Amino acid sequence: MIELFYIFAGIAFLMLVPGYCFTLAVFPLKKEIPALERFAFALFFSIIIPSLVLAFAYSFFNFAASFLAVGIIAFAVVLASMLVYFARSRGFDSKEKAFFF
């Protein structure tokens, strides 16, 4: 039963979190895009960014694509995107920042 939870949590992490953090880095304010569009960007970027990084790493560096590699890449995208988000939104009020939908 706990394995099933880990599978669903991993899929949710890989399918939403990297793209959402990247969307926050690109659009840090609530007024810039609506919540539904932010969610669509999150799904799109969560699929595209790790795929492009894996394709680049496999083609140039002969890097083996595995679940661990995808997880590490997703985690790196999340960290980098959150750093950019916090750097870009430093001068705004907390009511203007878009942290959740």
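**View 1. Ring pairs join F22, F27, F41, F44 and F45 into a cluster.** The model shown here is predicted, and the structure as a whole holds five aromatic pairs. One of these is formed by F27 and F41, whose rings are stacked, with 5.7 Å from centre to centre and 20 degrees between the planes. Because F27 lies in the loop between α1 (2-26) and α2 (35-61) while F41 belongs to helix α2, the pair ties together parts that are 14 residues apart in sequence. F27 is partly exposed, with a relative accessible area of 22%, and F41, at 26% relative accessibility, also counts as partly exposed.

**View 2. F5 and Y6 form a tilted aromatic pair.** The ring centres of F5 and Y6 are 6.1 Å apart, and their planes stand at 50 degrees to each other. Both F5 and Y6 are exposed.

**View 3. Helix α2 bends by about 25 degrees at F45.** The 27 residues of α2 should span 39 Å at 1.5 Å a residue, and the C-alpha atoms at its ends are 38 Å apart, which agrees with that expectation. F45, the residue at which the bend of about 25 degrees is placed, is also a member of the cluster linked by ring pairs.

**View 4. The buried residues of α2 are R38, A42, F45, S46, I49, P50, L54 and A57.** After α2 comes N62, which has a positive phi, near 55 degrees.

How values were computed. Residues numbered from 1 in each chain as written. Predicted model: local features only at pLDDT ≥ 70, side-chain atom pairs only at ≥ 80, totals over all residues. Heavy atoms only, no water. Phe/Tyr/Trp six-rings, centres within 6.5 Å; stacked < 30°, edge-to-face > 60°. Buried < 20%, exposed > 50% of the residue type's maximum accessible area, 1.4 Å probe, protein only. Helix = DSSP H or I, 4+ residues; strand = E, 2+ residues; numbered from the N terminus. Expected span 1.5 Å × (residues − 1). Bend = angle between axes of the 7 residues up to and from the residue.
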